[in-house]
Amino acid sequence: MKRAARQFEGTEAEFAALTREVDEAHRATLPAMYASAAELGEQIRDRQAAAPAEGLERRSVLRGLGVLGLSAFALAACSDDSKSTTNKSSPSASGPASSSSASGAGGTYTGDLQVVALATALENQAVAAYQAAIQAAGAGKLGTVPPAVASFATTAMAQHA
């Protein structure tokens with residue numbers, strides 16, 4: 001079943017405010033996500049040191065990634081929407097990182113690392129797509145693009161970067 005695309009019915013100012021809220025929620029979840037990723041890395045290293053011959057099971061890595069994702073989602077859902085951040089700086093997005101194939105250089109990635117390489121390549125593709133859209137809008141190839149839409153694309157690109 002295909003859903004029809006819905007058009008945003010708010011004002012440009014409302015769209016800009018929603019973009020800021022999404023960006024603030026994204027930034028609020030990053031510290032917890034990084035901490036969870038570091039903890040997962042420590043657990044993986046501990047398991048490898050304890051039983052190096054066994055290696056990692058895909059289920060345990062995917063379970064850990066699932067916990068990271070759910071943690072980030074829970075933090076975003078529980079964040080206080082009344083807070084406002086005045087820091088509007090975004091990470092540098094000087095250009096898309098070079099995308100690599102999921103198989104890596106010479107096919108060296110296997111198993112879970114192949115999944116990670118694919119996810120990284122998809123993020124790089126998202127950055128490149130946003131950058132191409134921003135450049136096309138700046139060159140006037142997309143007609144009149146409201147500033148709030150350009151701001152959203154820049155914010156989304158920075159989050160993927």
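**Reading a predicted model**

Mentor: Leaving aside residues up to four places away in sequence, Thr155 touches Thr19 and Asp23, where contact means heavy atoms within 4.5 Å. This is a predicted model, in which local features need pLDDT of at least 70 and side-chain atom pairs count only at pLDDT 80 or more, while totals for chains, interfaces and linings use all residues. Residues are numbered from 1 along each chain as its sequence is written, and side-chain values use heavy atoms, with hydrogens and water left out.

Trainee: Is Thr155 buried or exposed?

Mentor: Buried means under 20% relative accessible area, exposed over 50%, and partly exposed in between, with a 1.4 Å probe and protein chains only. Thr155 counts as buried because its relative accessible area is 16%, and of the 161 residues of the protein, 17% are buried.

Trainee: In which helix is Thr155 found?

Mentor: Helices (H or I, at least four residues) and strands (E, at least two) are DSSP runs, numbered from the N terminus. Thr155 lies in helix H4, which covers residues 147-160, and the protein has four helices and zero strands.

Trainee: What is the mean pLDDT of the protein?

Mentor: pLDDT is the predictor's confidence in each residue, from 0 to 100. Here the mean is 75, with 64% of the residues reaching 70 or more. Over residues 78-105 the pLDDT is below 50, although this stretch has 30 contacts in the model beyond near neighbours in sequence. Where pLDDT is low, the predicted coordinates should not be read in detail.
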